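Keep the viewer open and follow along.

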Amino acid sequence: MTTNPPSLDIAVIGNSNIAALVDRSGSIVWACWPRIDGDPVFCSLLAGNAPDSGFFSIAFDEEAVTTQAYLRNTAIVRTVVTTAAGASFAITDFAPRFRLHGRTYRPSMIVRRVEPLAGLCRIRIRVRPRMAYGMEKAQAILGSNHIRFVADDAAIRLTTDAPVNYIATESAFVLSRPLTFILHPDESFADIVTRSAREFEDNTREYWQDWVRNLNLPFEWQDAVIRSAITLQLCSFHETGGIVAALTTSIPEEPGSERNWDYRYCWIRDAFFTVHALNRVGATRTMERFIDYVTNVIAQEQGPALKPVYAILPETSLDERTAPALAGYRGYGPVRVGNAAVNQIQHDVYGSVVLAASQMFFDERLPSKGDVALFHLLEPLGMHALSVALTPDAGIWEYRGRTRIHTHSAAMCWVACDRLSRIAGLLGLTERAEQWRTSADGLRNTILARAWNEAQQCFTGSLDTDEIDASVLLLHEFGIVAPNDRRFIATVETIGRRLLRGGHVFRYEAPDDFGAPAVSFTICTLWYIDALAAIGRRDEARLLFEELLARRNHVGLLSEDIDPETGELWGNFPQTYSMVGIIVAAMRLSKGWENAR
């Protein structure tokens with residue numbers, strides 16, 4: 001077996017509690033324990049170009065080719081490994097998720113089933129977890145049908161019906177029958193391994209297929225929307241309602257840039273976009289859990305000022321540090337744990353919360369509607385947004401070395417005021433509705449006047465400047481400007497000339513804290529596609545969308561960034577922004593269902 005450099009040709013399995021990344025060879029190369037923001041016990045994805053541990057592989061010793069795909073409409077991955085002589089076996093990977101005793105069963109557990117398909121399959125299994133972010137090699141302690149992997153106070157257990165000495169010694173053996181491997185907390189596994197794995201797989205497949213069956217899908221690009229929606233669910237933490245921006249840390253935005261960040265946390269802004277996309281396809285439970293999460297965040301802060309990012313358990317510290325034992329993706333360090341953005345001021349958070357909550361008031365499908373109590377919880381956020389709207393912040397791109405009065409941030413403060421006016425009107429709070437409308441209208445006029453740059457023919461990235469920034473493509477989406485406004489049309493045209501390169505849109509063109517960007521930011525491309533459709537350039541938008549979909553990896557997933565020269569994926573993975581953009585663009589651009597007739 002040869003070791004190839006890490007790539008983002010990887011699939012994701014998970015259950016909204018735990019997740020793992022499986023590369024094309026069938027190796028688990030990333031899995032945090034005991035939940036999606038935990039210690040990466042499998043971390044070879046970030047161990048440099050020649051990792052000798054931090055993975056769970058099942059392979060032939062000889063060269064082999066693989067095919068990998070999700071089982072239709074599920075989060076279950078199947079990898080088929082075949083030698084030149086025709087011997088082959090299949091690996092089925094999943095994390096159990098299904099209804100049990102009236103609750104959602106979603107344990108910290110990864111199940112791997114291996115079955116021979118053809119020929120003589122002599123395989124070798126390597127299970128090499130590391131702990132404390134790569135610093136500690138786990139000691140293997142054998143039982144009769146399990147192996148405990150222990151390092152200091154941490155431990156996980158592999159229960160199996162395979163010969164444990166073959167696994168412990170990494171000896172090759174003939175795969176003469178199907179085998180099951182279950183990674184789980186360090187406690188006895190009470191049931192028969194093979195039977196449990198089969199039942200878990202059947203129930204998990206049925207769960208996801210039922211979940212997909214209830215989605216509202218466009219006529220076109222259904223596979224892309226389904227895969228995006230499932231992936232977004234895997235990035236949500238069911239227990240608290242927090243939604244992580246990605247499942248990884250420190251995959252660089254571009255080689256050697258040190259733009260390496262830990263995305264395993266809940267940015268309020270990113271979570272809103274995820275909620276918005278899932279609402280579009282009818283998966284509203286994620287929104288309801290996110291509102292619970294935000295309610296806990298507001299109670300924790302005991303005031304209207306919110307941080308831009310929180311852990312999935314909101315009180316957990318996000319102090320940023322490096323993990324020196326991990327060399328980084330392809331050797332491009334550093335690997336960071338935590339995120340200093342928690343200490344930044346980002347004013348768009350208030351509009352994101354109000355916007356996410358607003359559907360609770362207007363969506364008749366929901367069993368529990370928004371009420372006056374929820375409005376009173378949101379109103380202090382709006383008042384704070386109004387007070388800070390025209391003051392500097394770090395902005396949507398989280399600049400670490402400067403602040404501006406960013407147009408996107410100010411516009412989201414307007415969103416908070418505007419939606420509170422609408423909510424108050426719905427609740428019959430006429431005086432509050434009028435007061436919020438007056439505040440929103442005044443703020444809107446100021447923002448549009450100061451963001452518009454006649455010389456640039458563009459709404460700029462910050463007020464009273466000439467900075468070109470893709471975030472202003474969202475202005476029409478939030479309703480602060482109409483898509484047929486000549487200024488917005490001109491803005492789309494300017495961004496197309498200045499930031500569109502090889503079919504991909506950059507965030508901005510000016511150098512930032514780390515120099516000039518060299519890769520495109522995928523969600524910006526999707527915002528541009530949406531803006532093109534909004535101003536009537538629908539055919540052009542469809543063409544760009546098809547080209548972007550072709551950049552997804554072999555199982556339909558996207559990371560944060562794309563190199564416009566090579567088409568290679570960079571940045572943390574899978575990126576919720578990118579998967580959100582696929583859903584929104586597909587819903588907007590698809591032909592109607594009448595075309596099915």
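Strand S7 (residues 77-83) is largely enclosed by the rest of the structure, because five of its seven residues are buried. Please keep in mind that this is a predicted model.

**Strand S7 and its partners**

- S7 pairs with strand S6 (residues 64-70) in the antiparallel sense, over seven bridges. If you want a landmark in this pairing, look for Ala69, which stands opposite Arg78 in S7.
- The hairpin of S6 and S7 has six residues between the strands, and Asn73 takes a positive phi near 60° there.
- S7 also pairs with strand S8 (residues 88-94), again in the antiparallel sense, here over six bridges. Val77 has Asp93 in S8 as its bridge partner.
- Four residues lie between the strands in the hairpin of S7 and S8, where Gly86 takes a positive phi near 100°.

**The sheet as a whole**

- Which strands make up the open sheet, and in what order? Eight strands form it, running S6-S7-S8-S11-S19-S17-S16-S15, with antiparallel pairing.
- Its edge strands are S6 and strand S15 (139-142), each of which pairs on one side only.
- On average, neighbouring strands of this sheet are turned by 20° against each other, with direction ignored.
- Further along the order, strand S17 (residues 154-160) and strand S19 (residues 179-185) pair in the antiparallel sense over five bridges. Within that pairing, Leu158 has Leu183 in S19 as its bridge partner.
- As background, the strands of a sheet pair through backbone hydrogen bonds, and the pairing can be parallel or antiparallel.

**Aromatic pairs**

- A pair of aromatic rings is described by two quantities, the distance of the centres and the angle of the planes.
- The structure holds 24 aromatic pairs. One of them joins Phe56 and Phe181: the ring centres are 6.1 Å apart and the planes lie at 85°, so the pair is edge-to-face.
- This pair links distant parts of the chain, with Phe56 in strand S5 (residues 55-60) and Phe181 in strand S19, 125 residues apart.
- Tyr263 and Trp267 form an edge-to-face pair, at 5.6 Å centre to centre and with 70° between the planes. Both Tyr263 and Trp267 are buried.
- Ring pairs also build a cluster, linking Phe272, Phe273, Trp397, Phe521, Trp527 and Tyr577.

**Enclosed space**

- Rolling a probe the size of a water molecule over the atoms shows where empty space is left.
- How many cavities of 30 Å³ or more does a search of the whole structure find? The search finds four.
- The largest cavity holds about 350 Å³ of space. It is lined by 24 residues, and those nearest its centre are Trp261, Tyr263, Trp397, Glu398 and Arg507.
- Sorted by class, the lining of the largest cavity has eleven nonpolar, three polar and ten charged residues.
- The second largest cavity has a volume of about 50 Å³. Trp397 is among the residues that line it, together with Gly395, Ile396, Tyr399, His406, His408, Ser409, Gly461, Asp469 and Ser471.
- The lining of the second largest cavity divides into three nonpolar residues, six polar and one charged.

**A pocket to look at**

- The second largest pocket has a volume of about 470 Å³.
- Of the 20 residues that line this pocket, Tyr207, Trp211, Asn214, Ala283 and Arg285 lie nearest its centre.
- Helix H2 (193-213) and helix H5 (285-301) are the elements that give two or more residues to the pocket lining. H5 gives the most, with four residues.
- By class, the lining of the second largest pocket has six nonpolar, seven polar and seven charged residues.

How values were computed: Residues numbered from 1 in each chain as written. Predicted model: local features only at pLDDT ≥ 70, side-chain atom pairs only at ≥ 80, totals over all residues. Heavy atoms only, no water. Buried < 20%, exposed > 50% of the residue type's maximum accessible area, 1.4 Å probe, protein only. Pairing = 2+ DSSP bridges. Axes fitted to C-alpha atoms, helices over the stretch in contact; angles between N-to-C directions. 1 Å grid on protein atoms, 1.4 Å probe; cavity = no way out; pocket = protein on both sides within 12 Å on 5 of 7 lines; lining within 4 Å. Points joined across faces, edges and corners; volume = space filled by probe spheres on them. Nonpolar A, V, L, I, M, F, W, Y, C, P; charged D, E, K, R; others polar. Phe/Tyr/Trp six-rings, centres within 6.5 Å; stacked < 30°, edge-to-face > 60°.
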